[in-house]
Amino acid sequence: MSTNKDQFIVDESGNRTGVVIAIERYSELLDAKDELESILAFDEAKASSDEAIPFAQAVKEFEGT
């Protein structure tokens with residue numbers, strides 16, 4: 001969604017090469033990206049034929065204890 005507040009960086013030919021957005025919008029986009037990555041990871045885990053293990057066991061294995 002473009003607003004009048006968006007500013008574009010252009011090269012010498014006038015081609016848009018970057019954009020300046022409000023920090024609040026940037027934070028919203030990062031949050032949305034994180035949420036989508038979590039959803040994709042969940043979907044991949046559900047589709048996997050790997051055996052599920054308890055969370056506490058996974059943490060122990062991850063921490064190497």
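Because the model is predicted, local features were considered only at pLDDT of at least 70 and side-chain atom pairs only at pLDDT 80 or more, whereas totals for chains, interfaces and linings use all residues. Residues are numbered from 1 along each chain as its sequence is written, and side-chain values rest on heavy atoms, with hydrogens and water left out.

Secondary structure elements were taken as DSSP runs numbered from the N terminus, helices being runs of H or I with at least four residues and strands runs of E with at least two. Strand β1 (residues 7-10) pairs with β2 in the antiparallel sense through four bridges, where pairing requires that DSSP finds at least two bridges between the strands. Within this arrangement, isoleucine 9 stands opposite glycine 18 of β2. Five residues lie between the strands of the β1 and β2 hairpin, and in this hairpin glycine 14 adopts a positive phi near 90°.

A nonpolar surface patch is formed by Phe8, Val10 and Val19, which together have about 250 Å² of accessible area. Patches comprise residues with over 30% relative accessible area and no salt bridge, nonpolar side chains (Val, Leu, Ile, Met, Phe, Trp, Tyr) being joined within 5 Å and like charges within 9 Å; the areas were computed by the Shrake-Rupley method with a 1.4 Å probe, and for residues only the protein chains shown count as cover. Valine 19 is placed in strand β2 (residues 16-20) and is partly exposed, its relative accessible area being 46%, where buried denotes under 20% relative accessible area, exposed over 50%, and partly exposed the range in between (1.4 Å probe, protein chains only).

Phenylalanine 8 also has a charged residue over its face, since arginine 16 lies there at 3.7 Å from the ring centre; this contact is assigned if NZ of Lys or CZ of Arg is within 6 Å of the ring centre and within 35 degrees of the ring normal. The count of aromatic pairs, by contrast, is zero, a pair being rings of Phe, Tyr and Trp (its six-membered ring) with centres within 6.5 Å, classed as stacked when the planes are under 30 degrees apart, edge-to-face when over 60, and tilted for the rest.

Two salt bridges are present in the structure, each defined by a side-chain nitrogen of Lys or Arg within 4 Å of a carboxyl oxygen of Asp or Glu. In one, the side chains of arginine 25 and glutamate 28 meet at 3.2 Å, N to O; these residues are three apart in helix α1 and are thus separated by about one helical turn. Arginine 25 is partly exposed at 36% relative accessibility, as is glutamate 28 with a relative accessible area of 46%. A salt bridge also joins glutamate 37 to lysine 33, with the closest N and O atoms 3.0 Å apart, and both residues lie in helix α1, four residues apart, or about one turn of the helix. An α-helix has 3.6 residues a turn, so residues three or four places apart point the same way. Glutamate 37 is partly exposed at 42% relative accessibility, and lysine 33 is partly exposed at 44%.

Helix α1 spans residues 23-47 and includes glutamate 37, whose C-alpha lies 16 Å from that of serine 48, eleven residues away in sequence.
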